[in-house]
Amino acid sequence: MFIIPLMAAVYGLILGSFFNVLICRIPEKKSIFRPASHCPKCKTPIKPLHNIPVFSYLFLGGKCHSCKQPIPITYPLIETLTGGAALAIWYFYPPSLQPLSWQSIVVYATRVSFLLLIIPISMIDLRHYIIPDLFTLPFLVIAAGIAFLPGSPTPLTALYGILAGGGLLLAIGAIGSLLLKKDAMGGGDIKLMAAAGALWGAQTALLSILFGALLGSVYGIVLMAIRKLNSDHQIPFGPFLGAGVWIAVLFGDKLMNSWLSVFDRLAGG
Ligand SMILES: [Zn+2]
């Protein structure tokens, strides 16, 4: 009973450790394979025993074993978050067993990979205000490819999804740029939502943007309220869009059904 969720959590923790490497090295255009994991301060290679997700951080008291400099808390946090994300996918977004085919496995694996990669995408956007093409373009290509396999999504679903996700943000960005006289939408955000649309279709893409915009607005209002935000302040949109995708994919159907039932009740008196 506990084996599969335990495996999901352990897989998530290990993947989170790899995400830490991506978050540090991709924006600096460094190889993600070489050199092996090392302390960012003293460059000492990290022994396998000191590279166990979360546990090593706790065991080492949050300090590098050789130079005793503090290890950033973001490392164990990203690992814990990814472990939790893997558990959430296991619980809320399990693979549907009917019809089980290699095509459905490829589609599911691609969707889950995209969901999990939202974690490093968001961290990189938070730190550098950029979503590297490396994360978004492969999903556009793969999603367009698998749309031609038998089963869902169909090529037309993927196309509508790309137009809904990418097109809407492109339009919002164009209007925003005219009004604000500066770039209002990052190209990375547009590609991210085009990829989400290609993988899940137009409805999920639109719901994701809706939730993302709501979350981003709340964040902006809170920042303005505590006066940390002026009009020049840049808010990375990627983490909010990413959270929007998570909500839309994991809970979109349930939310839509409960809204529809409210409308039905109102209409029925
Ligand atoms: Zn060190």
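Colleague: How many residues of domain 1 are in contact with domain 2, and with how many residues there?

Modeller: 13 residues of domain 1 are in contact with 11 residues of domain 2. Two residues are in contact if their C-beta atoms, placed from the backbone, lie within 7 Å. This is a predicted model: local features need pLDDT of at least 70, side-chain atom pairs count only at pLDDT 80 or more, and totals for chains, interfaces and linings use all residues. Residues are numbered from 1 along each chain as its sequence is written.

Colleague: Which elements give two or more residues to the domain 1 side?

Modeller: Helix 1 (3–25) and helix 3 (74–92) do. Helices are DSSP runs of H or I with at least four residues, numbered from the N terminus. The largest share, 7 residues, comes from helix 3.

Colleague: What classes of residue are on that side?

Modeller: The side of domain 1 that touches domain 2 has 12 nonpolar, 1 polar and no charged residues. Ala, Val, Leu, Ile, Met, Phe, Trp, Tyr, Cys and Pro count as nonpolar, Asp, Glu, Lys and Arg as charged, and the others, Gly among them, as polar.

Colleague: Where are the domain bounds?

Modeller: Domain 1 is 1–92 and domain 2 is 111–269. The bounds come from an automatic or database domain assignment. Their C-alpha centres lie 27 Å apart.

Colleague: Switching to helix 6: what span does it reach?

Modeller: Helix 6 (155–180) has 26 residues and reaches 36 Å from its first C-alpha to its last, close to the 38 Å expected at 1.5 Å a residue. That expected span is 1.5 Å times one less than the number of residues.

Colleague: Where is its kink centred?

Modeller: On Gly167, with a kink of about 25°. The bend at a residue is the angle between axes fitted to the seven residues ending there and the seven starting there.

Colleague: What do the buried residues of helix 6 pack against?

Modeller: They pack against helix 5, helix 7 (187–200) and helix 8 (202–225). Among the buried ones are Ala158, Ile162 and Leu169. Buried means 20 or more other C-beta atoms within 10 Å of the residue's own, exposed 12 or fewer, and partly exposed in between, with C-beta atoms placed from the backbone.

Colleague: And Lys43, is that buried or exposed?

Modeller: Lys43 is exposed, with 10 other C-beta atoms within 10 Å. Lys43 is in the loop between helix 1 and helix 2 and has a positive phi of about 65°, although it is not a glycine.

Colleague: Which peptide bond is cis around Pro35?

Modeller: The one from Arg34 to Pro35, with omega near -5°.
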